[in-house]
Amino acid sequence: MPLSQVAESWDYSRVGGWDLDYTEPHQDGIVLEAQRRYANMFWPGLEARYMRSLAPEKDGGITTSYFLPWWRFYRVPVAENRMWVGQVMAQGVMPWIHVTGYQKEQFDHRGLDGLCETFAVFGRNRDAYMEAKPVAEVALVYSRHSLDNLGRNDPTGRYLDHFRGAYNAMMDQRLPFDILSGNRLTAETLANYKAVLLPNAACLSDAACAALETYVRNGGHLVSTYRSGGWRPWKP
């Protein structure tokens, strides 16, 4: 299911009903897209963190576009594409570059050499990237139910900007962290972290709230903002 996306590009993923939490159990491998450059600049890494925590035993990758949407005739600057694919590989997930098949005289070749060099570095250091294990002691919770239900007709303002802000703050402070699904929180999973952050995760199930309560009783640190935990998953 190569059109699947996480968090960003919600105007397509919500309308299409794409939700990795529900499709993942039926997939042998996971393929995500991160090619929409009106999104958070850290989006590819976000998807890679989410994929890794959701199904660490499954292979897959994240495909990113070589071209500048929406025109698709001009390549994205090499520095941006390197950053776009590099953060995927840094999370131990395979990045792919996809191109659209225009005629030779229309194809913008100016970024290909730079990307070949980048993927050559990945190839020479594949074991270091792909065999790395996460050691983060902080978890950021992504709540798709909050995006869909609390967000309603303003998903960006009501939920996604809160999540983006938390993500970007930890990136700016160079804090290692994982991303956990708000639909799959368990006491066992949370016990791996010293701190858990809920950025306006309003729509959580009773089971998720119980897991968080157990986590805190056992000494975990919980940072919960705004309306987190105030509603059931489906009825904000």
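The questions and answers below concern a predicted model.

Reader: How far apart are the end C-alpha atoms of helix H3?
Author: Helix H3 covers residues 43–54, which makes 12 residues. At 1.5 Å a residue, the helix should span 16 Å. The distance between its end C-alpha atoms agrees with this, at 16 Å.

Reader: How many residues of H3 are buried?
Author: The buried residues of H3 include Trp43, Pro44, Gly45 and Leu46. Glu47, Arg49 and Arg52 are also among them. H3 is mostly covered, and the count of buried residues is 11 of 12.

Reader: Which elements do the buried residues of helix H4 pack against?
Author: H4 runs over residues 78–90 and reaches 18 Å from its first C-alpha to its last, close to the 18 Å expected at 1.5 Å a residue. Its buried residues are Asn81, Trp84, Val85, Gln87, Val88 and Met89. They pack against H3, strand E2 (60–65), strand E3 (94–98), helix H5 (112–124) and H6.

Reader: Which residue just after H4 takes a positive phi?
Author: Most residues other than glycine have a negative phi. The positive phi just after H4 is about 80°, and the residue that takes it is Gly92.

Reader: Is Ala7, with its positive phi, buried or exposed?
Author: Ala7 is not a glycine, yet its phi is positive, about 70°. The residue lies in the segment before H1. Its relative accessibility is 3%, under the 20% cut-off, so Ala7 counts as buried.

Reader: What is the relative accessibility of Asn200?
Author: Asn200 is a residue other than glycine with a positive phi, near 55°. Its place is in the loop between E6 and helix H10 (206–217). Asn200 counts as buried because its relative accessibility is 0%.

Reader: Which residue's side chain makes a polar contact with the side chain of Gln5?
Author: Gln5 lies in the segment before H1 and counts as buried at 6% relative accessibility. Leaving aside neighbours within four places in sequence, Gln5 is in contact with several residues, including Tyr12, Trp18, Trp43 and Glu47. The side-chain polar contact, at 3.2 Å, is with Ser9.

Reader: Where do Arg144 and Asp19 lie, and how many residues apart are they?
Author: Side chains of opposite charge can pair when their charged atoms come close. Arg144 and Asp19 meet in a salt bridge, at 4.0 Å from N to O. The pair links distant parts of the chain: Arg144 is in helix H7 (residues 144–150) and Asp19 in the loop between H1 and helix H2 (20–23), a separation of 125 residues.

Reader: Which residue has the backbone nitrogen that the side chain of Asp19 reaches?
Author: Asp19 is buried, and so is Arg144. At 9%, the relative accessibility of Asp19 is under the 20% cut-off. At 3.1 Å, the side chain of Asp19 reaches the backbone nitrogen of Asp21.

Reader: Which residues are linked with Asp21 in a network of salt bridges?
Author: The salt-bridge count for the model comes to 13. One network of such bridges contains Asp21, and the residues linked with it are Glu24, Lys58 and Arg184.

Reader: How many residues apart are Lys194 and Glu137?
Author: The side chains of Lys194 and Glu137 meet in a salt bridge at 3.6 Å, N to O. Lys194 is in the loop between helix H9 (187–190) and strand E6 (195–199), while Glu137 is in the loop between helix H6 (126–130) and strand E4 (138–142). Lys194 is exposed at 53% relative accessible area, and Glu137 is partly exposed at 41%. The pair links distant parts of the chain, and the separation is 57 residues.

Reader: What is the N to O distance in the salt bridge of Arg110 and Asp108?
Author: Arg110 counts as exposed, at 56% relative accessibility. Asp108 is buried, with a relative accessible area of 6%. Their side chains meet in a salt bridge, with an N to O distance of 2.8 Å.

Notes. Residues are numbered from 1 along each chain as its sequence is written. Side-chain values use heavy atoms; hydrogens and water are left out. Helices (H or I, at least four residues) and strands (E, at least two) are DSSP runs, numbered from the N terminus. The expected span of a helix is 1.5 Å times one less than its number of residues. Buried means under 20% relative accessible area, exposed over 50%, partly exposed in between (1.4 Å probe, protein chains only). Contact means heavy atoms within 4.5 Å. A polar contact is a pair of N or O atoms within 3.5 Å; within protein, one must be able to donate a hydrogen and the other to accept it, and residues adjacent in sequence count only if both atoms are side-chain atoms.
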